[in-house]
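Morning, everyone. I have one chain to show you today. Let me put it on the screen.

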Amino acid sequence: MSKRKRSSGGVVRVNWSALFHRMVDRPATNSSSQALMWGLAWLIIGAIVGWRFDLVPTSMLSYTWGSARLIWHTAFGLTMWVSSTVVFFAGAAMLNRRVSIAELFGRMLFAHWPVTLAMLPGILTDKIAYSTFMRNPGVAFEQSPMYASLLAVIMTIILVWYLYWGYCAFRRSVSRSGVVTFVVYVIAFVLSVYLSRVTLGALYAGIW
């Protein structure tokens, strides 16, 4: 179905339903090269924004207050990408031995860009309160329940968005769907969060 229709009066009307579904499934509908290109673009944008506002990733899901040179922010982003995606590749290889490593890494990187939005509260609000929530939500709720509740809602929306986009990218990369694929994806997701946190922590310990 065409996304746009021209009425008898010559007015162009947008098929919002088709447009919405196309955007929702973007990690799967993009070509492999487009996914990698846009994913790298967002990785660079995230590095520049993090450098400008002193925010660094602590895992593939969170950021905290930290200052470093731009080259290091780029290294942080690349480390987060590789360390978080390698587990997804291991899971994908179990489902389909012919999975393309380039396609999977590109699509998963594109699917990750909504997490970049998690930097906005750190830019627009107090960095100490933001970092406290990212590192220890329980303490954040004790110190500022209203702020922590708002941030919890924002992070939940971003997490659901990323979970869905990541699954779309994973499912397209392995060319399979169903319960088994979803279970493997969820397990890989949890392990990826842990591995990316450990890897970034080791990197920070080495430079700071």
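Which helices each supply at least two residues of the lining of the largest pocket? They are α7 (127-135), α9 (145-174) and α10. Of these, α9 gives the most, with five residues.

A word on the source. This is a predicted model: local features need pLDDT of at least 70, side-chain atom pairs count only at pLDDT 80 or more, and totals for chains, interfaces and linings use all residues. Residues are numbered from 1 along each chain as its sequence is written, and side-chain values use heavy atoms, without hydrogens and water.

Back to the pocket. By pocket I mean an open set of points on a 1 Å grid over the protein atoms alone, where a 1.4 Å probe fits, with protein on both sides within 12 Å along at least five of seven lines; lining residues have an atom within 4 Å of a point. Its volume, the space filled by probe spheres set on the points, is about 230 Å³. The lining has 13 residues. Nearest the centre lie L61, S62, M134, M155 and L159.

Now the fold. There are ten helices and four strands. Helices are DSSP runs of H or I, at least four residues; strands are runs of E, at least two. The order from the N terminus is β-β-α-α-α-β-β-α-α-α-α-α-α-α.

Next, burial. Buried means under 20% relative accessible area, exposed over 50%, with a 1.4 Å probe and protein chains only. Of 208 residues, 42% count as buried.
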